[in-house]
Amino acid sequence: MSTLKNDRLLRALLRQPVDVTPVWMMRQAGRYLPEYRATREKAGSFMDLCRNPELACEVTLQPLERFPLDAAILFSDILTVPDAMGLGLYFAEGEGPHFERPVRSEADVARLPVPDPEQELGYVMDAVRTIRAALAGRVPLIGFSGSPWTLATYMVEGGTSKDFRQVKGMMYDRPELLHRLLDTTARAVTAYLNAQVAAGAQALMVFDTWGGVLSPAAYRAFSLAYMRQIVEGLTREAEGRTVPVILFTKNGGQWLEDMAAAGADALGLDWTTDIGQARARVGDRVALQGNLDPAVLYASPATIEREVGAVLASFGAGSGHVFNLGHGIHPQIDPEHAAAMVEAVHRLSPGFHATSD
């Protein structure tokens with residue numbers, strides 16, 4: 001494995017000094033880039049793109065060719081894990097993901113396997129190895145998974161949902177059944193993330209997209225408890241370095257103190273939480289990642305620069321900040337506006353770091 005030329009991301013996630021605040025974007029390889037759309041067209045479908053390690057590598061690297069980002073993130077999908085559990089993932093045009101066999105009964109939960117990541121998910125590990133080789137130490141590679149609760153919403157609902165009635169019905173009526181489902185999923189995610197580290201991932205992120213739809217008690221019991229279980233089971237050192245772990249719950253700002261106690265190195269914030277207030281609440285227990293409203297990128301470059309400056313100033317001086325959007329970049333964003341954000345972070349942030357490398 002090659003030496004890392006730019007390790008700002010890893011250092012910031014561990015709250016070590018950096019020269020500038022590192023920046024990357026959730027969904028940075030995606031539909032806002034014309035070159036991504038061309039590669040996806042070539043692949044045939046979204047899942048065909050995910051399952052082709054060479055093309056997954058190509059789209060992972062595309063944003064790095066355009067912008068001086070401080071990290072690459074594996075191009076994949078959170079639903080690869082439930083797909084590998086035999087639920088029959090497919091994408092309906094304009095409707096998003098669906099599962100042929102939703103998990104609703106005792107028998108459905110009992111049937112769920114913990115997939116072997118190098119077998120059923122070998123295409124993801126091949127992509128990680130291919131990307132690491134292609135990066136040649138340029139920047140770190142982030143691996144990721146969905147959280148057990150977020151995966152369970154898709155597994156039980158059979159796809160996306162507005163009201164989560166199936167999974168919440170199970171949660172309130174049959175909590176023990178949902179706990180069994182979440183435990184199996186947590187074990188699958190742990191194995192999957194550890195396999196990504198073994199294949200070359202240098203940081204990990206757990207996306208809890210739907211944790212914010214839960215009540216406080218339900219969030220702690222059905223979402224955070226299983227993310228903690230995953231964190232406790234992760235490989236935290238590889239290639240002589242710490243492998244930092246980021247937890248991100250969308251709309252989870254009210255639970256930051258609980259999240260900070262879960263054992264991860266960093267917390268991702270969406271744009272509904274003030275990052276300065278979040279820093280005051282969690283102190284030096286974790287680094288923070290975020291949290292520009294993605295919609296800012298619809299505005300002019302001058303406005304983007306002003307809003308970037310506001311996020312940096314809110315976090316304040318010192319280490320422990322990774323700049324990111326508060327959620328994924330929107331497909332309609334002009335890539336030049338993403339470029340303006342990255343440039344502004346690198347230009348404005350050195351003043352917040354007393355030490356320089």
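Student: Which residues of α13 meet Val311, Ser314 and Phe315 in α14?

Tutor: This is a predicted model. In it, α13 spans residues 275–282 and α14 spans residues 301–315. The contact of α13 with α14 divides into 3 nonpolar, 2 polar and 1 charged residues. On the α13 side, the residues are Ile275, Gly276 and Arg279.

Student: Are α13 and α14 roughly parallel or roughly perpendicular to each other?

Tutor: Their axes lie 7 Å apart, at an angle of about 20°. Angles under 35 degrees count as roughly parallel. The crossing is right-handed. So α13 and α14 are roughly parallel.

Student: At what angle do the axes of α7 and α10 cross?

Tutor: Helix α7 covers residues 122–135, and helix α10 covers residues 175–199. The two are roughly parallel to each other. Their axes come within 9 Å and cross at roughly 30°.

Student: Which residues of α10 make the contact with α7?

Tutor: α7 passes α10 in a right-handed crossing. From α7 come Val124, Met125, Val128, Arg129 and Arg132. The contact residues divide into 6 nonpolar, 1 polar and 2 charged. From α10 come Tyr192, Ala195, Gln196 and Ala199.

Student: How is α8 oriented to α9, roughly parallel or roughly perpendicular?

Tutor: Helix α8 is residues 148–157, and helix α9 is residues 165–173. Their axes come within 8 Å and cross at roughly 110°. Angles of 65 to 115 degrees count as roughly perpendicular. Therefore α8 is, to α9, roughly perpendicular.

Student: How many residues in the contact of α8 with α9 are nonpolar?

Tutor: α8 brings Trp149, Ala152, Thr153, Val156 and Glu157. α9 brings Arg165, Gln166, Val167, Met170 and Met171. In this contact 2 residues are polar and 2 are charged, and the nonpolar ones number 6.

Student: Which strands are the edge strands of the open sheet?

Tutor: The sheet has 7 strands, and the pairing is parallel. Its order is β1-β4-β5-β8-β9-β10-β11. An edge strand pairs on one side only. That applies to β1 (72–73) and β11 (321–325).

Student: Which residue in β9 stands opposite isoleucine 246?

Tutor: Strand β8 runs over residues 245–249, and strand β9 over residues 266–268. They pair in the parallel sense over 3 bridges. Opposite isoleucine 246 stands alanine 266.

Student: Which residue in β3 is the bridge partner of phenylalanine 91?

Tutor: Strand β2 holds residues 89–92, and strand β3 holds residues 96–99. The two pair in the antiparallel sense over 4 bridges. The partner of phenylalanine 91 is proline 97.

Student: Which residue in the turn between β2 and β3 has a positive phi?

Tutor: β2 and β3 form a hairpin. There are 3 residues between the strands. With a phi of about 75°, the residue is glycine 94.

Student: What radius of gyration does the protein chain have, and how does it sit with a compact globule?

Tutor: The chain has 15 helices and 11 strands. Its C-alpha atoms fill a box of roughly 60 × 45 × 40 Å along the principal axes. With 357 residues, a compact globule would have a radius of gyration near 21 Å. The chain agrees with that, at 19 Å.

Technical notes:
Residues numbered from 1 in each chain as written. Predicted model: local features only at pLDDT ≥ 70, side-chain atom pairs only at ≥ 80, totals over all residues. Heavy atoms only, no water. Axes fitted to C-alpha atoms, helices over the stretch in contact; angles between N-to-C directions. Parallel < 35°, antiparallel > 145°, perpendicular 65-115°, else oblique. Left-handed = near helix turned anticlockwise from the far one by under 90°. Contact = heavy atoms within 4.5 Å. Nonpolar A, V, L, I, M, F, W, Y, C, P; charged D, E, K, R; others polar. Pairing = 2+ DSSP bridges. Rg over C-alpha atoms; globule rule 2.2 N^0.38 Å.
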